[in-house]
Amino acid sequence: MESGFDTYMNSGYNFDRIKKKTMLVRWEPKVANETKINLDLVEPFRIDVHSDIYLDNFTTYVDAASVPTASSAKSAFVLRINEFNIQSNVAGNASGATLSDNRGHMFNNIVIPADSFAKGVSSHKSKKMNYICSINPTTITKITGTVTDLDGSSMFQNASDSFVAEFVFIARD
C-alpha cells in the first residue's frame, strides 16, 4: 500500500499474502459438568483487517462412562465465545406448562448440531465452513465463554471429556 501516508499503517503481521488465519481451540473441563471456557492463547492472535470468522470443524471426545442420555436439550451444543461479536437471533416456544424457554441460552451464540454424540471421538461439524460473525481489527490473547446444551446445562459429564473447534478468519477485500 504505497500511498505516501503509510505512517499510521499497522506494523504487525497482516493478511497481505495469506487471506486466511486459523485458530484452534481445545477445551477440557477441570471438573465434571463444567461449562465455562477460560483459555490463554500460546501467542497473541492479531487480526489487522476487518475479517469474517467461520467454524470449520467441531470435534468432541466423550468418555464412555459419561455419554449423556438422549434428550432434545442434548441435540446441539451452544458455544459462546466472548471475544467474537456473534449477532444471531433465535425463535422458539415461550414458557408454558410443559415447555421450557431455552431461547436465552441460544441468543447471540453458536449452535452446533450434535450429529453423533457417542463415546469416543465424534465430528459434529465437518462438512463445510459455517459463517460465525465479522470481527474488527484486534488482538486476542485469551478465549473465554461457555459450552452448554440447548437448556444451558453441561454437555460434558466427565473431566476427561473435551472438544476441539477450528475457526478460520478470512480477511475482507
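This briefing describes the fold of one protein chain and then turns to selected strands and residues. The model is predicted. The chain has 173 residues, and its secondary structure consists of 1 helix and 9 strands. Four of the strands form an open sheet.

**Overall composition**

- Along the sequence, the elements follow the pattern β-β-β-β-α-β-β-β-β-β.
- Of the 173 residues, 38% count as buried.
- The accessible surface of the chain amounts to about 10200 Å², and carbon and sulfur atoms account for 50% of that surface.
- Among contacts between residues at least 6 apart in sequence, 85% join residues that are at least 24 apart.

**The four-stranded sheet**

- Strands of a sheet pair through backbone hydrogen bonds, in either a parallel or an antiparallel manner.
- In this open sheet, the strands stand in the order β2-β8-β4-β5, and their pairing is antiparallel.
- Strands β2 and β5 are the edge strands of the sheet, since each of them pairs on one side only.
- On average, neighbouring strands of this sheet are turned by 30° against each other, with direction ignored.

**The pairing of β4 and β5**

- Strand β4 covers residues 76-81, while strand β5 covers residues 110-113.
- These two strands, β4 and β5, run antiparallel and are joined by 4 bridges.
- Within this part of the structure, A76 stands opposite P113, a residue of β5.

**Residue I47 in strand β2**

- I47 belongs to strand β2, which spans residues 36-47.
- Is I47 buried or exposed? The relative accessibility of I47 is 3%, and I47 therefore counts as buried, because the cut-off for a buried residue is under 20%.
- I47 and T138 are 91 residues apart along the chain, yet their C-alpha atoms are separated by 5.2 Å.

**Residue N57 in strand β3**

- N57 lies in strand β3, which spans residues 51-62.
- With a relative accessible area of 19%, N57 is also buried, because this value falls under the 20% cut-off.
- Which residue does the side chain of N57 join through a polar contact of 2.7 Å? The partner is E166, and the contact links the side chains of both residues.

Terms used:
Residues numbered from 1 in each chain as written. Predicted model: local features only at pLDDT ≥ 70, side-chain atom pairs only at ≥ 80, totals over all residues. Heavy atoms only, no water. Buried < 20%, exposed > 50% of the residue type's maximum accessible area, 1.4 Å probe, protein only. Polar contact = N/O pair within 3.5 Å; in protein donor to acceptor, adjacent residues only side chain to side chain. Pairing = 2+ DSSP bridges. Axes fitted to C-alpha atoms, helices over the stretch in contact; angles between N-to-C directions. Contact = heavy atoms within 4.5 Å. Areas by Shrake-Rupley, 256 points an atom, 1.4 Å probe, with all protein chains shown as cover.
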